[in-house]
Amino acid sequence: MVEMGIAPRVRRELCTGCVPVRVMHRSPASTPGKEAPGKSVRMTPTIVKTREAHDFLALVPQLAGFQPERSVVLVAFRGNRTCGALRFNLPEPDLARTVLRRLATSIVGTLCKIEGVDAVVPVLYTDERFADVPGIPGERFAEILGRRAELSGFLVRDSLCVAADGWGSYLDPACPASGRPLSAIAESPVNRDLPPEAHRELATLVSSADLPKVDADLRERCARRLVRYESLGSHVPDAPDLPELVAMVGDILDPVATAEAALELDPAELGAGEAATLLFLLKSPARRDQVMLQIAFGVEIGRATHAINQRYAEIQRETGRSMDDIVAEEQAGFGDTRDLAQTGNLLLGSVSRRPDPERVERGITLLKMLVAVAPKRVRPAPLCMLAWLSWALGRSSVAGIFIDQALAIDPEYGMARLLLTVVSAGHLPEWAFAVPDSDAG
C-alpha cells in the first residue's frame, strides 16, 4: 500500500552547518471555517533548524502526517526543500533479492511521478532490533532501494533506519552495532521548536481510523430523529437515490449551506438533530458526493455539484428514466456532459488541483463522529466519504480500513466497491504529484 502526504507543513532545507526546516501553518487571519468562498487558505512559514540526522527523523512523522510503523518512507526533495513524503509497506526481510528489486523499482517509479524531485532520503521503520541482526535492520532492502534511486537520477542524501531499539544511517560506517538511542529523536530540540500552530498530534495509520467514543443515548436519539426525517415524503429506505429524495432534500434545506455550517461545528458538540440531518442528507449518493467534494475543494465546487444534481434530478422526474440512461444518452452525443465530467475527474483524482488539507482534516473529524453516532444501516455513506477524503490526502491504508467497514455492512454498496478497486490498484490522485503554488517558480 502506498501513501503520500499531499501538503506537508514541514519542509527541510539544506545548507552548510545546519538544516532550516520550513514549517507551514495558517496565518492568524485564516481562521478555520472562516475562509472566503473560493479563496485559498494563506499559509505562513516558520523556520526550525535541524543539525543532525536524528533531528530530521523527529520531523519525518510531521512530514508524513502520521507515525510510521513497518514502513518505508521516502522523503522527497525539490531543490533544497522537502516536497512530500511517500509511504510504502515495508517488505518482509527474508524475501528473495529479485522480489526486493522489483519492489524497489516500483517504489522509485512512484517517486519519479513527482515533478521536479531530484533527491530523496529513504527511512525504514521496522519492528526488528539492532540486537537481533548483524548490521542495521533492513540493510539489504535499503541498499537495493538506494541503488535504484541513484540509477533513476536521484541524489540519495541519506538512508536511515528507525528500529525497535535504536536508529542509524545505512550510509554511516561509524554507526554503533547497537544503533543510536531512540531518545535522541524523542528529545530532539525540533520537537519543542516546532510552533504550536504547526504541530500536529499524530496517530499511527491504523489508529487514524479509530472512531470517537459516544454516548449510547446520543446514538438512540439520533436514530429516532433520522427515522422521523425518513418518513417525510413517503421515503423508500431501499432506494435512497430516488430523484424525489434529492428534490425533497433541496426543498427542506440547502445542502451547500448545510455542509459549510457542519464544517464549522465542534464535532464533540454534535447534537442528535444535527447528526440526523447530515445522515439524512448523505443517504442520497448525489448529495453524498456533493458534500464530499465541497469539503475537499470548497464551497464553489459544492454549488456547482449541487446545480448538476438538481438538473439531473429534474430530468429524472420529468422522464422517469434512470440516471445511468440519461448520462449514457448525453455521452452518446445528445447532451453536454462537461460539468458531469468535471465532477467525475475530481472524484477519480484526475486533476492536478489540490484539495484544501485543512478542510479535509476538519471533515474527517466530523465524519468520524457522524459514523460513531449513526445507525449501522446508514454508515456506508459517511464511511465511504472518510475513505475518499483519506485517499485524497494520500492515506490509502486508512482509506482501505473505512472501505472494509462499509462493505462489511453492505457488500453491494456501489461507492465502496469503486473505491476498493481504486485503492487496491495503488492508484493515487494526480494532485499528489503536482507542484503546489507555494513551490512554483
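A cavity is a set of points, on a 1 Å grid over the protein atoms alone, where a 1.4 Å probe fits but cannot get out, and its lining residues have an atom within 4 Å of a point. This is a predicted model, in which local features need pLDDT of at least 70 and side-chain atom pairs count only at pLDDT 80 or more, while totals for chains, interfaces and linings use all residues. Residues are numbered from 1 along each chain as its sequence is written, and side-chain values use heavy atoms, with hydrogens and water left out.

**The largest cavity**

- The lining of the largest cavity consists of A259, A262, L263, L278, L282, V291, I295, L366, L367, L370 and M385.
- Two or more residues of this lining come from each of α8 (255–263), α9 (272–282), α10 (285–297) and α14 (357–373), where helices are DSSP runs (H or I, at least four residues) numbered from the N terminus.
- By class, the lining has eleven nonpolar, no polar and no charged residues, where Ala, Val, Leu, Ile, Met, Phe, Trp, Tyr, Cys and Pro count as nonpolar, Asp, Glu, Lys and Arg as charged, and the others, Gly among them, as polar.

**Helices α14 and α15**

- The axes of α14 and α15 (residues 380–392) come within 9 Å and cross at roughly 155°, with axes being lines fitted to C-alpha atoms over the stretch in contact and angles running from 0 to 180 degrees between N-to-C directions.
- The two helices α14 and α15 are therefore roughly antiparallel to each other (an angle over 145 degrees).
- In contact (heavy atoms within 4.5 Å), V360, I364, L367, K368 and V371 of α14 meet P382, L383, M385, L386, L389 and S390 of α15.

Technical notes:
On a 1 Å grid over the protein atoms alone, a cavity is a set of points where a 1.4 Å probe fits but cannot get out, and a pocket is an open set with protein on both sides within 12 Å along at least five of seven lines; lining residues have an atom within 4 Å of a point. Angles under 35 degrees count as roughly parallel, over 145 as roughly antiparallel, 65 to 115 as roughly perpendicular and the rest as oblique.
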